[in-house]
Amino acid sequence: MTVTDTLQQDLAAAYGRHLERRRVRRRTMRAAAIACGAALSLTGAAFGTATLLGWPAPEHVKKEIAAVDRGLPEDLRLNPDVEHARAVASTGSSTLYAADLRDGGRCTELVTADDRGRGATCTRASDPIDINVPFDDGAGDGAPVVLAGRLNAPAGTSLEIAYEGDGSDEIPLGDDRYFVFEVPPEHRAAAHASGVRLIARDDGGSIVATGSVPSDWDDEAVPDEAAPLFVSTRSDESDLTKVYGLEGHVSAAGAASLELDYGDGDRVVIAVQPDGSFAYTVPQERVDDFMEPRLLVARDQAGKALASRPVAAVSYWRGRERGR
């Protein structure tokens, strides 16, 4: 064998070893790629589970939650963390969003079909079960019934809804034990007519808290004219500490006049129209005097009190709701 032949054999062997290393490397790379793909799939599944809830609230929800402080003085504001408002429970076409308060309370807004916000509600208190059930006047017994809220009872780990007469359903809990539940069509009529009960249980199945939605939860509102004395205040939403006027209706039999007592010895007589309506413009120097309740009294011809109502600025009532 010549030197040339030996050199050719060595070159051929080396080239063969090179090709084999490339084949092994390609197989290794394919295996690594498959393993990597599996890891991405698993990561994606885990990521999907983690983000099933918690997505940011849409802008209209943030604005509606922020509006709970509109017109209120600084000491009455709740200052919900709207920038971090997020989805905490969802089912079907309904989602509950929550924004935390600095002192541990929360503001929530339920969004139902067609991205319809149903009004922000805020609370610092912790009833064992918070329940919110929006409704539309005159919607009928077949209208959807959606419940939203939070299970606050510390030992509660599960929640169910019980219908009057027969039947119950489990209510799945979302993040931090918030919930949204759409009553099945077969139970809607019972929910409208008789209300429902919510039952919270611990890990052992024992009842730790209950809540209820009364049978009249969606009854039509009583007309203002039916109340012995109905009064509403006129304010500017930019400053809800001020009251610019009063208006309303007197239905108490025999009522001849109204008297507003400012609480400092000043009393103002307000005329009542033949149809029972009244309107009063608050003098400029008095618009700031309603952060304490003032008394409105309906009297008969002899001056006897027939009905009375406290009158106060919106900020005063909001302060009471918020424990201020």
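Numbering runs from 1 along each chain as its sequence is written, and side-chain values use heavy atoms, leaving out hydrogens and water. Since this is a prediction, local features need pLDDT of at least 70 and side-chain atom pairs count only at pLDDT 80 or more, while totals for chains, interfaces and linings use all residues.

**View 1. The whole protein and its confidence.** Four helices and 18 strands make up the secondary structure; these are DSSP runs numbered from the N terminus, with helices being H or I of at least four residues and strands E of at least two. Of the 324 residues, 34% are buried (under 20% relative accessible area; exposed is over 50%, partly exposed in between, with a 1.4 Å probe and protein chains only). The average pLDDT, the predictor's confidence in each residue from 0 to 100, is 84, and 84% of the residues score at least 70. Watch out for residues 1–51: pLDDT stays under 50 there, and the model has three contacts for them beyond four places in sequence (a contact is heavy atoms within 4.5 Å).

View 2. Val61, Lys62 and Ile65 are the buried residues to look for in α2, residues 59–66. They sit on the same side of α2 because they cover an arc of only 100 degrees around the axis, taken from the directions from the helix axis to the C-beta atoms. That buried set packs against β2 (94–100), β3 (106–112) and β4. On the face turned away from the buried side, you'll find Glu59 and Lys63, both exposed.

**View 3. Thr123 in strand β4.** Thr123 belongs to β4 and is partly exposed, at 24% relative accessible area. Leaving aside residues up to four places away in sequence, Thr123 touches Leu101, Gly105, Arg106 and Asp130. Gly104 is 19 residues from Thr123 in sequence, and their C-alpha atoms are 9.4 Å apart.

**View 4. The largest pocket.** Its volume is about 390 Å³, meaning the space filled by probe spheres set on grid points joined across faces, edges and corners. A pocket here is an open set of points on a 1 Å grid over the protein atoms alone, where a 1.4 Å probe fits, with protein on both sides within 12 Å along at least five of seven lines; lining residues have an atom within 4 Å of a point. There are 26 lining residues, with Arg118, Asp136, Ala143, Pro144 and Val145 nearest the centre. β4 (116–123) and α3 (185–194) are the elements that give two or more residues to this lining, and α3 gives the most, with three.
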